[in-house]
Amino acid sequence: MRQHLLNETTAADYRRSVTEGVERVAAKLASTEKPHTGISVDELTPVIAGIDLDRPLADPAAVLDELEDVYLRDAVYFHHPRYLGHLNCPVVIPAVLGEAILSAVNSSLDTWDQSIGGTLIERRLIDWTAGRIGFGPSGDGVFTSGGSQSNFHALLLARDEACRIAMQNSDVPLPKGELLPKLRIFTSEVSHFSVKKSAAMLGLGYEAVIPVPVDADKRMNTAALALELENCRRDGLYPMAVVATAGTTDFGSIDPLPEIARLAAEHATWMHVDAAYGCGLLVSPTRRHLLDGIELADSVTVDYHKSFFQPVSSSAMLVRDRDTLQHATFYADYLNPRRMAEERIPNQVDKSIQTTRRFDALKLWMTLRTMGADGVGELFDQVVSLASEGYELLATDPRFEVVVRPQLSTLVYRYLPADRSAFTAEQIDEANLHARKALFASGEAVVAGTKVDGAQYLKFTLLNPQTTTADISAVLDLLASHAEQYLGESLVHAS
Ligand SMILES: *Cc1c(COP(=O)(O)O)cnc(C)c1O
């Protein structure tokens, strides 16, 4: 079995085996005609269940043959121009190369003595990102597994800062247990669900999150925020954090960051900007101004795996003041004793809520060293421009109703029959749901869905610069025909 260990004696096998795997994927990429095959859960489940895990195949080529049946054939391919579903981007080759290297070397970024250069590369990229945000020299942060973890981490820091400040400022300090139920988080009603989930995990409960209404463009209404903040104080509660979104998951809308920053400062409240999606603008050669005000945040979430064309996972949480990271610091004798901090040994675990941690930063490093930041930004700009064109298509197409003009690269719309009065609202919802499902089952394209004011909508998330307006038109035709067919059928059933 030792022949399977990657070491000085097995370099040739390593080269052969990985090359073989790369060849299979390359062949797959060259032959995918549709984003996926449309296989159903019921069809694939027995295939996987039928594999006897206690009887290994031993031969790597046989394992790859089997992988074709259990995974590669039916996977969803995000590089396909008609994959318009969730916030998954096609990935760039330098990052995939980085991924292959980082898993072979397998550094762990928790401590300096497990990563050496990996630690310094991650720190450079954190400083670089902090610089792009506009944080000063005390900016810092850490790579995370994704936007949800970044949001959680940021809110953990916000919670502990709020407790620290409340203790400091009150004549009769409240015990933490009494303070926690009084903390409130303000975020727009269309912000990411991980804000609520974080509140629950932080011991505050879902009710601690106050949803702030949005304007017609799905951006936080700051007059409503001001009112909510005042109500909070009036009721004897503590505003713990305001979470602004720079690129909402559904609409790509960017909250008015400077005004939110002003209100957060007025109420001495932590401001977090969730730029999981909008972070691509940090490198945009033409649209960076859309993020103006982000530099006023206390913390920022960025998902390089959303808009920097990086493979999952690649994300970071940045703070304006590195001292706040201490709320997540624990010195373990076996790993990162306090002595090491005094000796200035850079142990990233001091800042992270993970311990053993991937060297995801390498992917971004390889990307920036190969393509440059402008190169990544150009690609992101292309999908934002594509969304504007897609908006024009939808706005002038009588079969569809589109919700907002996009600031980033999503479009939320729904099919409406020509004779709307002939159908109930439920039938129209059902028709849209059916169109999405039927399209998915056909494998021809993948779109997402969401609800707007209780009604069923469809969604394009455009992150592939290879997608064209012709692709968008073709997918709209497919959706309309599925919806028409469904409503035709429901008319038949009704009569
Ligand atoms: C995707 C997304 C998240 C969650 O990020 P993950 O990487 O999926 O955990 C958080 N916030 C926003 C606005 C997002 O779009």
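Trainee: Which helix gives the most residues to the shell around the ligand?
Mentor: That is α6, which contributes 3 residues to the shell, and please keep in mind as we talk that this is a predicted model.

Trainee: OK, and how many residues surround the ligand in total?
Mentor: There are 14 residues around the ligand, and the closest of them are G147, S148, D274, D303 and K306.

Trainee: What are they like by class, I mean nonpolar, polar or charged?
Mentor: Sorted by class, the shell around the ligand holds 9 polar residues, 3 charged ones and 2 nonpolar ones.

Trainee: How much of the ligand does the protein cover?
Mentor: On its own the ligand has 380 Å² of accessible area, and the protein covers 85% of that.

Trainee: And which pocket is the ligand in?
Mentor: The ligand sits in the second largest pocket. Two elements give two or more residues each to the shell around the ligand, namely α6, covering residues 147-169, and α11, covering residues 304-307.

Trainee: Changing topic, where is S115?
Mentor: You will find S115 in the loop that runs between α4 (93-105) and α5 (117-133).

Trainee: Is S115 buried or exposed?
Mentor: S115 counts as buried, because its relative accessibility is 9% and the cut-off for buried is under 20%.

Trainee: What does the side chain of S115 reach?
Mentor: The side chain of S115 reaches the backbone oxygen of T111 at 3.4 Å, and a polar contact of 2.4 Å also joins the side chains of S115 and T119.

Trainee: Last one, what about A373, which helix is that in?
Mentor: A373 belongs to helix α13, which spans residues 361-395.

Trainee: Why does A373 count as buried?
Mentor: The relative accessibility of A373 is 12%, so A373 counts as buried.

Trainee: How far is the C-alpha atom of A373 from that of V283?
Mentor: The two C-alpha atoms are separated by 5.7 Å, although A373 and V283 are 90 residues apart along the chain.

Conventions:
Residues are numbered from 1 along each chain as its sequence is written. This is a predicted model: local features need pLDDT of at least 70, side-chain atom pairs count only at pLDDT 80 or more; totals for chains, interfaces and linings use all residues. Side-chain values use heavy atoms; hydrogens and water are left out. A residue is near a molecule or strand if one of its heavy atoms lies within 4 Å of it. Accessible areas come from the Shrake-Rupley method with a 1.4 Å probe; for residues, only the protein chains shown count as cover. On a 1 Å grid over the protein atoms alone, a cavity is a set of points where a 1.4 Å probe fits but cannot get out, and a pocket is an open set with protein on both sides within 12 Å along at least five of seven lines; lining residues have an atom within 4 Å of a point. A molecule sits in a cavity or pocket if more than half of its atoms lie within 2 Å of its grid points. Helices (H or I, at least four residues) and strands (E, at least two) are DSSP runs, numbered from the N terminus. Ala, Val, Leu, Ile, Met, Phe, Trp, Tyr, Cys and Pro count as nonpolar, Asp, Glu, Lys and Arg as charged, and the others, Gly among them, as polar. Buried means under 20% relative accessible area, exposed over 50%, partly exposed in between (1.4 Å probe, protein chains only). A polar contact is a pair of N or O atoms within 3.5 Å; within protein, one must be able to donate a hydrogen and the other to accept it, and residues adjacent in sequence count only if both atoms are side-chain atoms.
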